[in-house]
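I opened a new structure today and kept notes as I went. Here is what I looked up, entry by entry.

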Amino acid sequence: MASTVEARETRQPWILLSPALTAIVLLLIIPLAFIVVYSFWLRTAAGSEQVGFYLDNWKEALTDSFYRDILLSTLRIALITTIACALLGYPCAYFIARSKSGNKTLLLLMLILPFWISYIIRTMSWINILGVSGALNTLLVNSGLLAEPLQLLYNEPSVILGLVHFLLPFMVLNVYVSLEGIDESLESAARSLGCTSWQSFLEVTLPLSLPGLAAGGLLCFVLAAGTYITPLVLGGARDAMFANLVYEAIIVQLNWPLGSALSLMLLFVLGLVVTVYNRFVGMGQIAKSFGQE
Amino acid sequence: MNGWSFIRLHAILIYLFMFLPVGVVVLLSFNDSQFGSFPMTGVSLRWFVELWNNDAIVRAFKVSFLLGGLTAMISTTIGVLASLALVRYEFPGKQFMSTLLIAPILVPEVVLAVALLLFLRFLNVPKSFPLLLLGHVIFTMPFVVLVVQARLVGITRNVEEAALSLGASPIQTFFTITLPLLAPAIFAGALFAFTISFDDITGTLFWKPGGVETVPTQIFAMLRNSISPEINALGTVMIVLTVGLPLFGAALARTISSRRGA
């Protein structure tokens, strides 16, 4: 009797996991393995695929300066976005964490709300603000500060602005979660031992909140680097990011082997970032923020 | 000005930054002017009426609701089962499994979209609604797993063990004890999956068949021309739906759990 119960205990988790595992294997793992193979095939001039082992796509993806430049500028935009989110988000998270409990509930709720507002709407909302007939230009022209409305949109800064707007809540939430986990008496202990409040922040709170900062940073970086929509809505013709190249290759040029190689390149670069993060911080930190509703 | 009031001012500005642009969308959607921009020439609901009469938009809403609903059902079912395994059992390879289950959000969405599209193309599955559905299921499932896991941790097995020892069958126990206890977690997971699916655009643009639009891809297509008052009105409807629904859901869940005295 005891042995059958034990057998059920070992079998049961796998039964429960099997639908999810099947989905992951069939819809993620095998397709990823497939595009690895596919990236070595060749698209012929006739438009069909030549099965085989050709390095042409990889050679093109890795040596063509066009792809390299856009990859680098994508990573640069992602890095600037991440740093901006960290600088803007940290004090805000600190404020929420140290607020009185009544305010805190409201502040947290308002922090979660942007997650529920459509990404495309939040992105396009900046056209209403920065566009030629947007709120800012209308204000400046009407008040006589400007004679002519300025074109503030469709450049790299407006892409970064859109990304920061989209990703900031991820950063604030992750930093908040780690600040909330710090025993407040540690900071007061540091103060009673003679630290100024700024010192006790730098010596105690900041180091203890680094895992949350790192988790928020990872999310911001990876999501920014994989962005497809923001540059199309808020960027100009020259502000394409790497995901736009992938779309171009797959959907417009129908060059699927090249598109595969480009996607894998993006996956590899971002995978490297995730691996480094996982090595030093661990995935559990990101999962924590989902406990916040 | 001391440090704390400086931080408070900063936080207020950050919240303004997050909400002001969205507020402007809502404001402009009531603008009487035929341009989707300032100045406000008067207050009117005409753009909402236009929306209602726009077949393409109504169709997009139907597609989005169907897709979101089916996605939520499927990914919540498999996600809840997987979360039960991860929270309630100890087994070899558990750590690896929990990473594997959230792998779809670690892979950039574009890459996921390309891989799935090309693989199913290779199997001669055309771009179609089922492909769109499979895509949405795979990338919403990790969120369901994360949300449900976070909620499951607090539910102990004592009550179920009591039911079992009092003679209930495992099936009876599941439906009369476990499922009602899990209901808030399941609900939260489903809501999450629905909202993410309803909002998705990147994967959808890769997977959707020609002529089929969801609300976000419809908005995206309309943006190509210029920002029209109709888009602002559509934005307002979306905000009311995606913000109002979860708030309503959370209130409902709280009512249910307080009635149960939990």
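**Entry 1: chain B overall**

I reminded myself before starting that this is a predicted model. I counted the secondary structure of chain B and got 12 helices and 0 strands. Read along the sequence, then, chain B goes α-α-α-α-α-α-α-α-α-α-α-α. I looked up the extent of its C-alpha trace too, and it spans about 70 × 60 × 40 Å along the principal axes. Chain B has 262 residues, and 51% of them are buried. I also took the contacts in chain B between residues at least 6 apart in sequence, and 68% of these join residues at least 24 apart.

**Entry 2: two helices in chain A**

How do the axes of α9(A) and α12(A) cross? I found that they cross at roughly 180 degrees and come within 11 Å. The cut-off for roughly antiparallel is over 145 degrees, so α9(A) is roughly antiparallel to α12(A). Helix α9 of chain A covers 197–225, and α12 covers residues 256–280.

Next I looked up who meets whom. From α9(A) I noted A:A214, A:A215, A:L218, A:F221, A:V222 and A:A225. On the α12(A) side they meet A:L266, A:L270, A:V273, A:V274 and A:Y277. By class, I got 11 nonpolar residues in this contact, no polar and no charged ones.

**Entry 3: A:T227**

I moved on to the loop between α9 (197–225) and α10 (229–234) of chain A, where A:T227 lies. Is A:T227 buried or exposed? Its relative accessibility is 4%, so A:T227 counts as buried.

I then checked what the side chain of A:T227 reaches. Leaving aside neighbours within four places in sequence, I listed A:Y119, A:L163, A:M241, A:A243 and A:N244 as contacts of A:T227.

**Entry 4: cysteines**

How many disulfides does the structure hold over all chains? I found 0. A:C92, for one, is in no disulfide, and the nearest cysteine sulfur, that of A:C85, is 12 Å away. A:C92 is buried, with a relative accessible area of 0%.

Key
Residues numbered from 1 in each chain as written. Chains lettered and ligands numbered in written order. Predicted model: local features only at pLDDT ≥ 70, side-chain atom pairs only at ≥ 80, totals over all residues. Heavy atoms only, no water. Disulfide = S-S within 2.5 Å. Buried < 20%, exposed > 50% of the residue type's maximum accessible area, 1.4 Å probe, protein only. Helix = DSSP H or I, 4+ residues; strand = E, 2+ residues; numbered from the N terminus. Contact = heavy atoms within 4.5 Å. Axes fitted to C-alpha atoms, helices over the stretch in contact; angles between N-to-C directions. Parallel < 35°, antiparallel > 145°, perpendicular 65-115°, else oblique. Nonpolar A, V, L, I, M, F, W, Y, C, P; charged D, E, K, R; others polar.
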